[in-house]
Amino acid sequence: MHMSNSIRYVGAMDHEIDLFEGQYAVPQGVSYNSYLILDEKVAVMDTVDAAKTGDWLENLNRELGDRIPDYLVISHLEPDHSGSIKILAEKYPDMTLVMTDRAKAMLPQFFDHIPSVIQTVKEGDTLSLGSHTLHFVLAPMVHWPEVMVSYEESEKALFSADAFGTFGPVDGSQEWLPEARRYFINIVGKYGAQVQALLKKAAGLDIRMICPLHGPVLKDNLGFYLDKYQAWSSYAPEEKGVVVAYATFHGNTGKAARQVAQMLKDAGEENVVVYDLARDDMAAALADAFRYDRLVLASTTYDGNFHLKMEDFLLHLKAKSYQKRKVALIENGSWAPQAIKRMRAYFEGMANIQVCEKSVTIKTTVKPETVDAMKEMVSELMAE
C-alpha cells in the first residue's frame, strides 16, 4: 500500500489471534503496522509480531526491490512490534537501529546479541534520509517507558507508535471510533497524563497524516481524532449517558438492573447501555464506562462480598484511573446483603467519583418497596 510516493505500508494483518495481550477479544483480528520510507537513505519504521514475520518480510521485500535498509527506527519494544527486529538485523547487518536510550537498555531483555550498530536519540534529535527528515519526540509511558514517536517534516506524517491505534483491520473497513475507544481505554487508559504531555507536543506540529502501529492510517479530519484523545486522556466523559453493569447468579439482580435501565429511558435518558459482566465483553463495558458520565452497578452478594465478575470490573475501573463520574449502586442478598458496602469502598479510592446517596437493596426478588427505592435512585442519578 502506497501512502505516498516515498512512504509505503508494509505491515501485516493477524486474523488468527483470538486475544490481544492475552485478554482483549479481537474478533476482527489486529494489524501490526510497519512502514517504509524510500529516499537517498531507506528507513524501516518498526517491525511486527513474530507470528507474522513471514508476511511482513514478503511485503517489505516487494517494496524494497533491490534497495537495502539503512535504518530501522524502533518506536516501541512490545513484542507485537519488536518481534521481527533480530531477523531483520541479521538479514541486513549494516543497518543501524535507531531508538531511545531506554529502549537500548531494554533490548537485551528481548533478544540475545543483535549484530547491528545502535544509534540512540533524544528529544528533538533528527535523522535526515535525503528529502525526508525524521524528528524524534519522546513519549514515555504511552504506554511503555521507552516509547518515542517520529515526525517526518516533508510529508507531515506522524509515526505515532501505539497512540491512535485500534483493534481490527488496517483497511478502514470498520468504524474507527468504537474499537479505538476500546483500545485506548484498555491499553493506554491508565496513562492519561503522559498522553496529555504527548498531545501538547503534537499541537506544535503540522500533522497531515497519522501512522499508528495498529489500525488504519489517518488522513482526513485529524481534529476529530485529536479531540477524542484529548477527552479520553483527560478522563472527561464523551457524552451524557448511563452504563448499567450487573453481575447476577440466578437472574434476579440482572432483572432489577434491566428494570432500572428502563426507568432511566422512561425518565428521558437517551443513552443507556446494559452489560452482563459474566457474559459480555469486559473491555467493551469498560470503554463505555469511560464514554458516558454515569454508571449503575448491580451485584449479588457472594461470600460476604460481591460477585467476582463485579470485582473484576471494579479492578479494571480502578486500574484505568476511572474518575469524574456519578455512580449508583444496587445489591442483592437473600439474608445478608453486603455488595453496596464493598463496592462503595472501591470508589473511595478513585478521584472525583460521586456515589449517589440513594441506593437499592434487594432481598432475593424485587418487591414494591424495591421499585420505590429504584425510582429514588434514578431521580438522584438523573439530577444535574
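Trainee: Over how many bridges do S16 and strand S17 (residues 272-276) pair?

Mentor: This is a predicted model, in which local features need pLDDT of at least 70 and side-chain atom pairs count only at pLDDT 80 or more, while totals for chains, interfaces and linings use all residues. Residues are numbered from 1 along each chain as its sequence is written, and side-chain values use heavy atoms, with hydrogens and water left out. Strands are DSSP runs of E with at least two residues and helices are runs of H or I with at least four, numbered from the N terminus, and two strands pair if DSSP finds at least two bridges between them. Tyr246 has Asp276 in S17 as its bridge partner, and the parallel pairing of S16 with S17 is made over a number of bridges that comes to 5.

Trainee: Which residue in S18 is the bridge partner of Val244?

Mentor: S16 also pairs with S18, again in the parallel sense, over 7 bridges. Within S18, the bridge partner of Val244 is Val296.

Trainee: How many of the 9 residues of strand S16 (residues 239-247) are buried?

Mentor: Buried means under 20% relative accessible area, exposed means over 50%, and partly exposed lies in between, with a 1.4 Å probe and protein chains only. Strand S16 is largely enclosed by the rest of the structure, because the buried residues among its 9 number 7.

Trainee: How many of the 10 residues of helix H9 (residues 282-291) are buried?

Mentor: At the start of H9, a side-chain oxygen of Asp281 reaches to within 3.2 Å of the backbone nitrogen of Ala283. The buried residues of H9 include Met282, Leu286, Asp288 and Phe290. Helix H9 is therefore largely enclosed by the rest of the structure, with a buried count, out of 10, of 9.

Trainee: Which side chain does a polar contact of 3.0 Å join to that of Thr300?

Mentor: Thr300 lies in strand S18 (residues 292-300) and, at 10% relative accessibility, counts as buried. Leaving aside residues up to four places away in sequence, Thr300 touches several residues, among them Phe249, His307 and Asn332, where contact means heavy atoms within 4.5 Å. A polar contact is a pair of N or O atoms within 3.5 Å, one able to donate a hydrogen and the other to accept it within protein, and residues adjacent in sequence count only if both atoms are side-chain atoms. The 3.0 Å polar contact joins the side chain of Thr300 to that of Thr253.

Trainee: At roughly what angle do helix H6 (residues 192-202) and helix H7 (residues 222-234) cross?

Mentor: Axes are lines fitted to C-alpha atoms, for helices over the stretch in contact, and angles run from 0 to 180 degrees between N-to-C directions. Residues including Val195 and Leu199 in H6 meet residues of H7, including Leu226 and Tyr229. The axes of H6 and H7 come within 8 Å, and they cross at roughly 145°.
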